[in-house]
Amino acid sequence: MGILKQNMKNKTIKEKTKFFLSKKLHRPLCPPRNVTLTLNYLCNQRCIMCDIKEHAFDKSCEIRPEEIKRIIDEMVAMDIPELVITGGEPFLYKDIFEVIAYGKQRGRKIVMITNGFYSDKIVDPIIRSGIDHLQISLDGSNKEIYEKIRGAEGSFDIVTNNIKKLTQSGKSVGVTATLVKQNYRDLVNITRLAKDLGCSRLALRPAHISNADPLSRDFLNSPFWIPQEEIPVLREVLTELKKINEKTNFIDFQPGLELLADYFENGYLPGLKSCYIGFTRLIISYDERGSYGVWMCGGMAGDIRKMSLREIWNGKEATVLRRKIAQCKKACLFPESHEPDLENLGTFMATVMKLVKTPESEGKACR
């Protein structure tokens, strides 16, 4: 057991070292942790903070199961362990369970990003499937707040009942709360509800004006942006959440909870150097031209219908985008892209030293 934990610790140190050097060199020295695949722009809710409904989606161009299977095969060849499937709403994709089964057959970890708003015709197959983790949106602790945000009448009871069914079946379930004007005062109650429902964690995500452009600054007239006069109240809520998290480690927001108030105050964070977009995740998204591209902030690095994942990931366009991203001075807090422990040489060295000194009995695998 000690050898296994030591090997996992060594793997974590090696991975973090390669990611840190990759960003310095503007080219990947190791595979990303996961492939995140946006299946389509179809959804059965109309959230106030989501602009996906405004984007054109040609159903005839929707990614086909055989294309996804090829992506999974390429993941195996590139040693990418995890497939994150999102949308839109991924369970509106007709062949979703075929895709999930193939991913598990090829030894990949399967994570679903979903709104949880569906009948037992979906819930029962989910329970029987090999899905490793579901991350379900939960933007309010009661019907009034949740449905005001999610725009689907009657959905709160259905979603919370589905979460309960899934956790009671033994499935790993986390919930995600997107932080908006309508729910930030409710965050402590959302945390309590998530724990009561048996969830493994609560992930916080700050709202963006445009899902397609997280750096958009057109937020002043947005109906969901937290007003400047309410920022002090938001800071009080975040202080309370930090106290809860010191005891439970239940709330997940990689860049740091205290940064959320600064984000809503400014619309961005100047000088944050922890963004690793283009290194830790390979993001595939429909781009409204009938193709699915590997997305990096600022553009597409290549079309998966014309090039292999490896060619795109290591290609010239990806290098150009990574260099451009390195010059970004306004962090958007797209949380999955941030690696606070790799922000600079000091944080990197501190992280490595902490891992080296961690007793084997406390060793953890890389996330």
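Is Leu25 buried, partly exposed or exposed, and what is its relative accessible area? Leu25 is partly exposed, at a relative accessible area of 44%; here buried means under 20%, exposed over 50%, and partly exposed in between, with a 1.4 Å probe and protein chains only.

A word on the source. This is a predicted model, in which local features need pLDDT of at least 70, side-chain atom pairs count only at pLDDT 80 or more, and totals for chains, interfaces and linings use all residues. Residues are numbered from 1 along each chain as its sequence is written, and side-chain values use heavy atoms, leaving out hydrogens and water.

Leu25 belongs to helix α1, residues 2-25. Helices (H or I, at least four residues) and strands (E, at least two) are DSSP runs, numbered from the N terminus.

Now to strand β10, residues 292-296. Five of its five residues are buried, so β10 is largely enclosed by the rest of the structure.

What does β10 pair with? Strand β9, residues 281-286, runs antiparallel to β10, joined to it by four bridges. Two strands pair if DSSP finds at least two bridges between them. Opposite Trp295 of β10 stands Ile283. The hairpin of β9 and β10 has five residues between the strands, and in it Glu288 takes a positive phi near 70 degrees.

Then there is strand β11, residues 299-303, also antiparallel to β10, with three bridges between them. Here Gly293 has Asp303 in β11 as its bridge partner. Two residues lie between the strands in the hairpin of β10 and β11, where Gly298 takes a positive phi near 110 degrees.
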